[in-house]
Amino acid sequence: MVKKSLALLLVLALVLGTLAGCGPKQPAAEETPAAEPMVLRYNLGDDVKTLDPQLNSVINAGIIQVNTFEGLMRLDKNDKAIPGMAEKYEISADGLTYTFHLRDAQWSDGQPVKAQDFEYAWKRGLDPNTASEYAFQLYYLKNGQKANEGELSIEEVGVKAKDDKTLEVILESPTPYFLELTAFFTLFPVRKDMVEKDPETWSMKPETFIGNGPFKMESYTMGDRIILVKNENYYDKGRVKLDKIEMLMIGEASTGLTAFESGDIDYIDDVPTQEIERLKASEPAFSVAPSLATYFYAFQTEKAAVNDPKVRKALSLAIDRKAITEKILRGGEMPAAGFVPPGLFDAEGKDFRAVGGDYGIDVNAASIDEAKALLTEAGYPDGKGFPELEVMYNTSETHKAIAEAIQEMWKKNLNINVKLANQEWAVFQQTRTEGNFVVARSSWFGDYADPMTFLDLWTSYSGKNNAKWKNAEFDKLIEGAKSTSGQERFNLLYEAEKLMMEDMILMPIYYYVDISLIKDYVKNTRKSILGYIYFDEAYIEK
């Protein structure tokens, strides 16, 4: 009975609905289809250790930071400073005092960006309690080094917010690249209230990772991906076309390439070396660009047996750099004989690398006889008595292939045994910083376009001096170069590189090129020769 009554009701409803539909037809309103979100998928590679601007010291985290923060200046396509958070500035006649005037800008949560945010961030970077590896990039500030070393109060550092929109900066000495430095992540502003909510992990959570750049963090999934979305509070949001960037974390280059070729990723810049010849020949998306960076092995100069300069020189001379670049890498990399890469010029317009020379390193072959002689002088004739040498590298197919080649060269040419060890990126960074290695895979990308960014790493007080090398004469040369100008300044830099290379505190292997695969529908990304990718003007055109 219940079922029958229900059936009758349904029929009645259907009839009434039909009658209601018999009236005059109204034209249907035209619906504009919602635009598909513009999403770019980029392989970041390894997970990040931190996204804190004052604590970061690596490229992959820096890529996120340059897209979520903005300094007083930002960099143009030639890596020259153009107005960022500061819409204008004045420099005193003596080159020591900079007065920056901030534009009306907001943080990603809508609060105003203030000069005090810069003062707080810079002093925080110098505070010894912060333990920033990059504190030395703030030594250009008046009393910066003394404050970082605990000799003076942080309040005596030469940076001061005169009001919400005016920042006064006083330097130790005139610095020709200081404006470019203000676009570097260590000098990005941070919000004190966000940092103090959770000093250890504030930068890894969307609710506290408040930035002032073109994008903001939507989510972070450890070991998987970081999602960035357009920051609607960015002062120049009209320049930003992408709605979302998926920063994927695929550590193996071969897996990343498979994802790119299957259409799951739009942009990769870590390509398996064994695939380069094929990609060069058949992949239109393959590109090679210049890069201001050096790949090298660092020697921990306090560890036996690499605490002897003769041993370090023997190890360096015993490798065939040309074979590594041509047989393993195959991307157009240049064998390296010095630390500062080509492409940086002195006051006379001469390439720093060409003037600096090769320090006795033959980039085309191993100098086996000379290497053996040095090892004999060090007390290890034909490698006898030499302890097993451990080479540490971060997990990567390319780093492994290079390490295996060098392992074989050292065994064949010097008769020494080499053990290889690898660690995941976050762990490896800590190992290298603490100096818990004998020989470690390293690389350095310039932070700005000047030889100083390569050489001042090796001062005795640099937080990036993983070699643990201390040389008072070298410190004096670097400090002298920071307080002089013109060709005199470059002459001091030439002497500084000569000193560290004659002591062979590191083994240069090759100068990088930037290899990328980018889908043809991805437009207007920009990768700096310093290694950072800018997505603020990128878009998808399908």
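Analyst: **A close look, starting from one residue**

Ala 81 is found in strand β3, which covers residues 81–83; helices (H or I, at least four residues) and strands (E, at least two) are runs assigned by DSSP and numbered from the N terminus. The model is predicted, which is the reason that local features need pLDDT of at least 70 and side-chain atom pairs count only at pLDDT 80 or more, while totals for chains, interfaces and linings use all residues. Residues are numbered from 1 along each chain as its sequence is written, and side-chain values use heavy atoms, with hydrogens and water left out.

With a relative accessible area of 23%, Ala 81 is partly exposed, because buried means under 20% relative accessible area and exposed means over 50%, with partly exposed in between (1.4 Å probe, protein chains only). Leaving out residues up to four places away in sequence, Ala 81 touches Met 73, Arg 74, Leu 75, Leu 179 and Glu 180, where a contact means heavy atoms within 4.5 Å. Lys 160 stands 79 residues from Ala 81 along the chain, and the C-alpha atoms of the two are separated by 21 Å.

Arg 74, one of the contacts of Ala 81, leads on to a space inside the protein. A cavity is a set of points, on a 1 Å grid over the protein atoms alone, where a 1.4 Å probe fits but cannot get out, whereas a pocket is an open set with protein on both sides within 12 Å along at least five of seven lines; lining residues have an atom within 4 Å of a point. Grid points are joined across faces, edges and corners, and a volume is the space filled by probe spheres set on the points. By class, the lining of the second largest cavity divides into nine nonpolar, two polar and five charged residues; here Ala, Val, Leu, Ile, Met, Phe, Trp, Tyr, Cys and Pro count as nonpolar, Asp, Glu, Lys and Arg as charged, and the others, Gly among them, as polar.

Helix α2 (residues 59–68) is largely enclosed by the rest of the structure, because nine of its ten residues are buried. The buried residues of α2 include Ile 63, Ile 64 and Val 66, and among the elements that cover them are β1 (39–43), β8 (215–221), α14 (425–434) and β20 (533–534).

The largest pocket holds about 590 Å³, and of the 25 residues that line it, Asp 52, Leu 55, Arg 124, Thr 130 and Pro 199 are the closest to its centre. The elements giving two or more residues to this lining are α3 (115–126), α6 (192–197) and α14, and the lining has eight nonpolar, seven polar and ten charged residues.

The largest nonpolar core contains 159 residues, and those with the most contacts inside it are Trp 122, Tyr 297, Trp 410, Trp 458 and Phe 535. Such a core is a set of buried Ala, Val, Leu, Ile, Met, Phe, Trp, Tyr and Cys residues joined through side-chain atoms within 4.5 Å. Setting aside neighbours within four places in sequence, the contacts of Trp 122 include Leu 72, Leu 138, Val 159 and Phe 178.

Of the contacts in the protein with a separation of 6 or more, 69% involve residues 24 or more positions apart.
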